[in-house]
Amino acid sequence: MGAMGLRVAFLAAECEPWAKTGGLADVVDALARALGRLGDEFVEAPVDVFLPRYRGVPEPSPASIIGERSLPVPDPRARSGSSDVTIIDVVADGYRLRLVDHPAAFDREGYYGDAAGDYADNAWRFGLFCRSALETLRTEGRPVDVLHTHDWHTGPAAIFRDARYGDDPLVSGAALVHTLHNLAYHGWTPRDRLDQLGLRPGDGVVPAKAAGVDLLLAGIERAEIVNTVSPTYAAEILTPEFGMGLEGALRARGDRFIGILNGLDTDLWDPATDEDIAAPYSREDRTGKAKCRADLLTRIGFDPADTGPVVGLIGRLDPQKGFDLLAAATPAIIELGGRVVVLGSGQPSLADPFRKLATAQPRQVSLLERFDRAMARRIYAGVDFFTMPSRFEPCGQGQMIALRYGSPPIVHRTGGLADTVVDETSNSRQGTGFVFDQPTAAALTEACERAFALRETGGAGWDGLLDRGMLVDFDWTTGSAPRYVEAYRRAVAIRGVAAAR
């Protein structure tokens, strides 16, 4: 442990607002900031966040750059055995961002691939990223207590810590906490690409007859503590239905595999201070929400005078998110007097049904096929209900934002959605939203029917629902960050016992 609190270094492929495709970026940014706020007796501030310097990363302002140095990093593709990598240290919002700059690896059109698919050398790219972070920490000469790695992209760090830094106390002594945000992507590196990581079958790291290396699995097996981002999802992925082939490895970790519910950055998401919405409002005074509703409906071509319920969905156009369920349910929702607005980008085929619906009924259905931060905020503030019909959902952030913005969520009972939304129908005057049990259009429609009925009735029942939802505290600093500190301390203790043997 450092002189005061734990010295923690994050390794992640995404971090908001620098590089984002999904929720991973939000978690890395918000958790790093929250840990820095806890006090030096817990975690040494600021936390380090290593991130690849992709082409799309915004240029840091000169005033925010506090250091820049080049260092040789072992590189299996370099003739000399190493490549020069530049580390650019930037003062970010509550943490130190450490951009790993190597144009051959990261100056590309996409983070992980392009229109043709995933980059064939992703193992090399993220292997070099991880090795660069470890070399930076090693050459600085200050012990790091915890390496907090995220998803498959940082699996190489676990391999390298054990296989390449065993005799280096600064790196090998670091405990590893590996967080699983998305089990769908494993970073599978087949046998004929192992050289991208400087590995080969029979080298003492990879078994002689191995077909390849699963980088997500490597992180799971080598970390002192493994966690995912909600307690319910942690239980679900111990089963074949949700485990994506990793359930056996996760079960084998026993009590070293835990679920820690993600938080919400309540400064970033606050309808009282949100500059993108038409009017501020709060739990104490919700009058501004009506202006936000009128503004949203006007912008998307709906009749703002129509009091019928408006249901919103924001997310990545991916089968996981249940866009197809909402598309199938939309005609029935319209029959109930409702309207639907969808904001998202991703698989065009998932947008097709909404495109047809919006073309046929533009006053009832709106499709905004793009990534738009400001419009997302207007939807959270302007809709009457926010739906997340996800087939599985490790945690989810949309439902937390919707609650804070007074837009009751309608969600499928899975993963973090089950942990964060209390069904009002089965918990009368105690609920915060509406929950359905089966991932079907019929179940979603039935939940919408229940939600619309309570809104139509109005009065104390409806006001109480909004009040309870806006009261829920998901703040990272009070909830999730202290749980991570507990996990870090456990990991450090486990690593210390192992080193003493």
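Which residues touch the most other members of the largest nonpolar core? The views below start there. This is a predicted model, in which local features need pLDDT of at least 70, side-chain atom pairs count only at pLDDT 80 or more, and totals for chains, interfaces and linings use all residues. Residues are numbered from 1 along each chain as its sequence is written, and side-chain values use heavy atoms, with hydrogens and water left out.

**View 1. The largest nonpolar core around Phe10, Leu35 and Tyr488.** These three residues touch the most other members of a core that holds 131 residues. Helix H3 (residues 122-140) supplies the largest share of this core, nine residues. A second, separate core has 28 residues, including Leu313, Leu326, Ala329 and Ala451. A nonpolar core here is a set of buried Ala, Val, Leu, Ile, Met, Phe, Trp, Tyr and Cys residues joined through side-chain atoms within 4.5 Å. Buried means under 20% relative accessible area, exposed means over 50%, and partly exposed lies in between (1.4 Å probe, protein chains only). Helices (H or I, at least four residues) and strands (E, at least two) are DSSP runs, numbered from the N terminus. Zooming in on Leu35, and not counting residues up to four places away in sequence, you will find that it touches Phe10, Val43, Val47, Ala481, Val485 and Tyr488. Contact means heavy atoms within 4.5 Å.

**View 2. Strand E9 (residues 175-180) and its parallel partners.** Six of the six residues of E9 are buried, so this strand is largely enclosed by the rest of the structure. Ala175, Val177 and Thr179 cover one side, while Leu176, His178 and Leu180 take the other, and all are buried. Strand E8 (residues 146-150) runs parallel to E9 and is joined to it by five bridges, with Val146 opposite Ala175. Strand E12 (residues 225-228) also pairs with E9 in the parallel sense, over four bridges, and there Asn227 is the bridge partner of Thr179. Two strands pair if DSSP finds at least two bridges between them.

**View 3. Glu44 in the loop between helix H1 (23-37) and strand E2 (48-52).** Leaving aside neighbours within four places in sequence, Glu44 is in contact with Gly5, Leu6, Arg7 and Arg142.

**View 4. Lys321 in the loop between strand E14 (310-317) and helix H10 (323-335).** Lys321 counts as buried, at 15% relative accessibility. Not counting residues up to four places away in sequence, Lys321 touches Arg316, Pro389, Ser390 and Glu393.

**View 5. An open sheet of six strands with parallel pairing.** The strand order is E16-E15-E14-E17-E18-E19. Strand E16 (365-368) and strand E19 (434-436) stand at the edges, each with a single partner strand, so one side of each is left without a neighbour in the sheet. On average, neighbouring strands are turned by 20° against each other, direction ignored. Strand E18 (residues 409-412) pairs with E19 in the parallel sense over three bridges, and Ile410 stands opposite Phe434. H10 packs on the sheet, touching E14, strand E15 (339-346), E16 and strand E17 (385-388), and its direction makes about 165° with that of E15. Helix H15 (residues 441-457) also packs on the sheet, touching E14, E17, E18 and E19, with its direction at about 160° to that of E19. For these angles, axes are lines fitted to C-alpha atoms, for helices over the stretch in contact, and angles run from 0 to 180 degrees between N-to-C directions.

**View 6. Ile379 in helix H12 (residues 373-382).** Ile379 is buried, with a relative accessible area of 0%. Leaving aside neighbours within four places in sequence, Ile379 is in contact with Leu296, Gly312, Ile314, Val341, Leu343 and Leu368.
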